Amino acid sequence: PDAPSKFKSSDVEDTHFILHWGEPDYLPGDLTGFEIKLIRDPKLTVPPWCPDLSEITDTIKNIDGDVFSWNYTNAMPYSTYRTKIQAKTQAGWGKTSDELKVQTAPGAPGPVANLNYSIQPNPSDADLLDFFLTWARPCDLNGERIEFYNITAVGERRNYEDHTFIINKPIEDFDCINDVCSMMLKLKEEYTYTFYVAGRVQNHQELGEKNTITAMFPPG
């Protein structure tokens with residue numbers, strides 16, 4: 001048979017989209033099934049601390065011959081999917097369709113990379129210590145760029161009231177060079193802090209997956 005007709009997409013979101021098609025224009029025999037092939041092309045390069053992104057291929061097999069749409073739910077955000085479809089009759093597989101490109105929307109990023117901290121002497125007062133939190137851009141950015149970072153800190157010390165604070169600022173307010181960011185935080189001595197750091201990409205409102213690190217801030 002010819003390739004299925006009217007191959008198109010709809011309801012495109014960050015992690016799913018729907019593919020639609022019709023019967024082949026030339027159909028000798030009865031339809032027995034369809035097969036869809038998808039190739040994902042990431043839209044961004046990755047920084048050196050992340051594994052290389054390569055093409056990801058997926059094949060949807062054994063689609064019944066009376067089914068003319070498919071909800072693809074394994075999509076990744078901010079990616080281009082190159083999709084093709086072909087039909088099958090009792091005589092075998094027919095022609096493959098022209099390539100249909102589907103662009104998924106931005107989504108929540110993965111966890112920030114290389115989350116770490118350092119404690120350094122204050123350059124102006126030898127009796128004080130400065131605490132710096134550092135992290136790198138998520139490997140799974142899932143959008144054009146990071147727009148905001150969120151830092152949540154929960155500090156605990158026995159027999160003392162907890163010290164908790166949240167920082168939610170645009171990336172321009174952090175000290176970032178080549179996608180590696182840092183910020184000096186004002187902490188209380190002898191408290192043990194758990195820090196949760198997450199990013200948010202442009203054109204998507206949900207925070208990404210949090211990365212976590214724990215540190216004790218010593219007395220100066």
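Q: What do buried and exposed stand for here?
A: Buried means under 20% relative accessible area, exposed over 50%, and partly exposed in between, with a 1.4 Å probe and protein chains only. In this predicted model, local features need pLDDT of at least 70 and side-chain atom pairs count only at pLDDT 80 or more, while totals for chains, interfaces and linings use all residues. Residues are numbered from 1 along each chain as its sequence is written, and side-chain values use heavy atoms, without hydrogens and water.

Q: Why does arginine 82 count as buried?
A: Arginine 82 counts as buried because its relative accessibility is 19%.

Q: Which residues is arginine 82 in contact with, leaving aside its neighbours within four places in sequence?
A: Contact means heavy atoms within 4.5 Å. For arginine 82, the list is Lys37, Leu38, Ile39, Asp41, Glu55, Glu99, Leu100 and Lys101.

Q: With which side chain does the side chain of arginine 82 make a polar contact?
A: A polar contact is a pair of N or O atoms within 3.5 Å; within protein, one must be able to donate a hydrogen and the other to accept it, and residues adjacent in sequence count only if both atoms are side-chain atoms. Here the partner is the side chain of glutamate 99, at 3.5 Å.

Q: Where does arginine 82 sit among the strands?
A: Strands are DSSP runs of at least two residues, numbered from the N terminus. Arginine 82 belongs to strand E6, residues 79-89.

Q: What does the UniProt annotation say about residues 3-107?
A: The unreviewed UniProt entry annotates residues 3-107 as "domain: Fibronectin type-III". That span is 0% helix (a helix being a DSSP run of at least four residues, H or I) and 54% strand, with its end C-alpha atoms 33 Å apart.

Conventions:
UniProt positions renumbered as here; feature names shortened; annotations may be inferred.
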